[in-house]
Amino acid sequence: MRERLRPLSFLGPPTAVLAFFFLAPMVVMLVIALQYGVLSGGSGWTLTNFGNVLGDSLYRDVALTTFQIATAAMIIQLAIAVPLAYVLAYKAGRFELGLLLFLVLADELNPMVRIYAWRMLLGREGLINTALMEIGLINVPIDALLFSKFAVIVVLSTSYLTYTVIPIYAAMKAIDRNLFEAARDLGAGWFTTARRVLLPLIAPGVFVALLLVYIPLFTDFASPALVGGTEGYMLGNVVNDLVLESGDLNGGAAMSMLMLGASALFAIVAYRLTKIRQLES
Amino acid sequence: MAGSTRPIGQRLRRGAPRAASVALVAFVLVVLFGPVLVLALFSFNDSSIISLPWEGFTTDWYVEAWGNDQARDAVVNSLVIATGVTIVSLVFGAAAAWGLTRLRFRGRGAIAGLHGSVLVVPWLMIGVAGLIFFSELGVSLSLETIAIMHLVVTFPLVVAIVSAGLVRFQRSLEEAAIDLGASQLQMLRYVVLPQIAPSLAAAGIFAFAWSFNNFEISFFTGGFEQTFPVWVFSILRQSENLPLVNAVSTVIAVVQIVAVFGAWRLIKMLSHRRGDDKGQLTDLVTGAVR
């Protein structure tokens, strides 16, 4: 009998907190998305909120912008993260731990402080523009640096880099290094080794990085709100404006549910793709 | 053919990549930390606008920041919430990790899935859902609602990190302790706790940072209460860049750097006591994401 009770005593309180403050809010948000007004109003079920959000051409443009920004930031991060993880895992030697610590530190630093720091650098009277004018490279400040898609991409790329590098680094650490020697002995050049040995083996790490980074990139709203201007307006800002500016909880809930659904779909597809890749190799 | 190209290839492989590695690492460090260093530098500039030329050294902005009630309240709020959230997260996280990795019972998969799913739901959605939930319940938003929603996203992270630690070490030690007459509690206290101490220390520093740095959830579930990130956000939304924000941000960044290095030393110490080497330390960083 006592043995029976044990899982409950360890897992009871944490699971109860998740059920009440994670699952219940999600269910309430879904119900609100499917109704007019408040829950107790009992307006009956409707798909109008989803229809409004999906039918609005403005939101479709914003969705496209969001996709462009998130994808650009993701590609930039992967382009940095794969070689960086390689250097960390195989080349850094005694600097390996220290560099890892710096990556962790980069994540621990407050994101709002980082956004503010970039805003300071990129502004019209910001340090990059004033410095470039000082040395005479440009005569008029470059306006496109701040309040643009470019600014959002720069800020987002630096905000999530830790979470892109570490899973890929972890996957590389797990590779048996004899495989590289074997590939070389069998006459494979570095490109073939990278494509046929390294890439398939780090695919699960890349998948984890995509889950941890690509999905949050789609829902970010602090960076576009502070450095995006009108050009860098993203879906996260739509949710914020619906919920807090126009007080349209139903619309905001519908938009949130759509973004959540899209994230889940992406996660499942990415997961399946990795499975297939693993089976093939 | 292969024989004639290989030596050149090998020489290139040795020389050029080394320079490329150094350049890559330097680039990443500059991009990640450069802006924050410049921010810190301009908190000492004797000018109310943040731009060149340099007007001289001053600590006035720190004095002004200290006297700014909003700034102080926001930082204190963040500290209090993050401390509470970290403590409860460690207790919940360690208990849940133990239950999920060591006990067999029906519904284990579902509960593990529930804990895992929190980590992949974007914070914006959790914040918005929290706001709607509390307003439907008629609960007014406060520091407490921020803290409970922080707890929801933070302790599953502790579960992930501590579970990775528990999976690594051998169960036979626990069984040996029981065989030698230790009670369940003694076994947890003297065998398991020292083993997972480095994981707990790492989880603690991450949990604190997740709560302290959290913007989206605090923004939506805090009502009129402000945490440090929400304060910075609202200032930057209303006005141009302010040296006052530089000063507060610099203090926060310095404390965070000291905290991370301190925690790193602590974890190293805890690991050394167990006779671990560098391999296990890197495992700690990578364990949770695997």
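Chain B puts 68 residues into its contact with chain A, and chain A puts in 78; two residues are in contact here if their C-beta atoms, placed from the backbone, lie within 7 Å. On the chain B side, the biggest giver is helix 1 (residues 2-41), with 13 residues. That side of chain B splits into 53 nonpolar, 11 polar and 4 charged residues. The sorting goes like this: Ala, Val, Leu, Ile, Met, Phe, Trp, Tyr, Cys and Pro count as nonpolar, Asp, Glu, Lys and Arg as charged, and the others, Gly among them, as polar.

A quick word on the model: it is predicted, so local features need pLDDT of at least 70 and side-chain atom pairs count only at pLDDT 80 or more, while totals for chains, interfaces and linings use all residues. Residues are numbered from 1 along each chain as its sequence is written, and chains are lettered from A and ligands numbered from 1 in the order in which they are written.

Now for the helix pairs. Helices are DSSP runs (H or I, at least four residues), numbered from the N terminus. Axes are lines fitted to C-alpha atoms over the stretch in contact, and angles run from 0 to 180 degrees between N-to-C directions.

| Helix pair | Axes and angle |
|---|---|
| Helix 3 (residues 57-91) and helix 10 (residues 190-219) of chain A | 9 Å apart, about 150 degrees |
| Helix 4 (residues 96-108) and helix 8 (residues 161-173) of chain A | 9 Å apart, about 145 degrees |

Over in chain A, helix 3 passes helix 10 in a right-handed crossing. A:Thr66, A:Ala70, A:Ala73, A:Met74, A:Gln77 and A:Ala81 of helix 3 meet A:Ala209, A:Val213, A:Tyr214, A:Leu217 and A:Phe218 of helix 10. That contact has 9 nonpolar residues, 2 polar and no charged.

Helix 4 of chain A passes helix 8 of chain A in a left-handed crossing (anticlockwise instead). A:Leu103, A:Val104, A:Ala106 and A:Asp107 come from helix 4, and A:Leu161, A:Thr162, A:Val165 and A:Ile166 from helix 8. The tally is 6 nonpolar, 1 polar and 1 charged.

Technical notes
Helices (H or I, at least four residues) and strands (E, at least two) are DSSP runs, numbered from the N terminus.
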